[in-house]
Amino acid sequence: MNCELCDRDSGEVLYRDNFLRVVLVTNEPDYPAFCRVILNAHVKEMTDLSAADRTRLMAWVFRTEAALRAVLNPDKINLATLGNVVPHLHWHVIPRFADDAHFPAPIWATRQRDGVVHRVEALAERLRAALES
């Protein structure tokens, strides 16, 4: 089986344990603070997990959202789990700003404008610190 989320991190790891990892996606230039919370096991759907594991995974999704809010103060956070292309359980946690390229549409929709890219100095380090608190 060839799974890009099993084979590589696809970004800068902000947190990792034996259950999951939080990754800062590095190939989304319009969204430099786009994060993924990725289950380490190759699992397809949330209901494939035990109730305890679902709770644990979602706690990290919410923790990642809180860290992004604390560091960036975005207008909105988008949470998404799709898995249509990569059927490996992961959540997208995406800070959004009213002046970004796609707002108010999803980032995968047609661009609305050139958009402002919101960058934060030492972003990875600041997010790591926020995830620890």
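Me: Which elements do the buried residues of helix 3 pack against?
Reply: The model is a predicted one. In it, helix 3 lies across strand 1, strand 2 and strand 3, at about 10° to strand 1. Its buried residues pack against strand 1, strand 2, strand 3 and helix 2.

Me: Why are the buried residues of helix 3 on the same side of the helix?
Reply: The buried residues of helix 3 are L123, A124, L127, A130 and L131. They are on the same side of helix 3 because the arc they cover around the axis is only 125°.

Me: What do the buried residues of helix 2 pack against?
Reply: Helix 2 lies across strand 1, strand 2, strand 3, strand 4 and strand 5, and runs at about 20° to strand 5. The buried residues of helix 2 are L57, M58, W60, V61, T64, A67, L68, V71 and L72. They pack against strand 1, strand 2, strand 3, strand 4, strand 5 and helix 3.

Me: How many Å apart are the end C-alpha atoms of helix 2, and what span should its 22 residues have?
Reply: At 1.5 Å a residue, the 22 residues of helix 2 should span 32 Å. The end C-alpha atoms agree with this, being apart by 31 Å.

Me: What is the order of the strands in the open sheet?
Reply: The sheet has 5 strands with antiparallel pairing. Strand 1 and strand 4 are the edge strands, since each pairs on one side only. From one strand to the next the twist averages 20°. The order is 1-2-3-5-4.

Me: How many bridges join strand 2 to strand 3?
Reply: On one side, strand 2 pairs with strand 1 (residues 12-16) in the antiparallel sense over 4 bridges, and a hairpin of 3 residues joins these two strands. Strand 3 (residues 35-39) also runs antiparallel to strand 2. The number of bridges between strand 2 and strand 3 is 5.

Me: Which residues are the bridge partners of V22?
Reply: V22 is in strand 2, where it is the bridge partner of Y15. In strand 3, V22 has V37 as its bridge partner. V23, for its part, stands opposite R36 in strand 3. The partners of V22 are therefore Y15 and V37.

Me: How many residues of strand 2 are buried?
Reply: Strand 2 (residues 20-24) is mostly covered. L20, V22 and L24 point one way, R21 and V23 point the other way, and all are buried.

Me: Which element gives the largest share of the largest nonpolar core?
Reply: This core has 30 residues, and L14, V37, L57, L68 and L127 touch the most other members. Strand 2, strand 3, helix 2 (51-72), strand 5 (90-96) and helix 3 (123-132) each give two or more residues to this core. The largest share is 8 residues, from helix 2.

Me: How many residues are in the other core that lies apart from it?
Reply: Among the members of this other core are Y31, F34, A101 and I107. Its size is 6 residues.

Me: What is L68 in contact with, leaving aside its neighbours within four places in sequence?
Reply: L68 is one of the buried residues of helix 2, and it is among those that touch the most other members of the largest nonpolar core. With neighbours within four places left aside, its contacts are A33, C35, N73, P74, I77, V93, P95 and L127.

Me: Is D75 buried or exposed?
Reply: Helix 2 is followed by N73, whose phi is positive, near 50°, and D75 is found in the loop between helix 2 and strand 4. D75 has a relative accessible area of 52%, and the cut-off for exposed is over 50%. D75 is therefore exposed.

Me: How far apart in space are D75 and D99?
Reply: Leaving aside neighbours within four places in sequence, D75 is in contact with R96, F97 and A98. D75 and D99 are 24 residues apart in sequence. From C-alpha to C-alpha, their separation in space is 9.5 Å.

Technical notes:
Residues numbered from 1 in each chain as written. Predicted model: local features only at pLDDT ≥ 70, side-chain atom pairs only at ≥ 80, totals over all residues. Heavy atoms only, no water. Buried < 20%, exposed > 50% of the residue type's maximum accessible area, 1.4 Å probe, protein only. Core = buried A, V, L, I, M, F, W, Y, C linked by side-chain atoms within 4.5 Å. Contact = heavy atoms within 4.5 Å. Axes fitted to C-alpha atoms, helices over the stretch in contact; angles between N-to-C directions. Arc of directions from axis to C-beta. Expected span 1.5 Å × (residues − 1).
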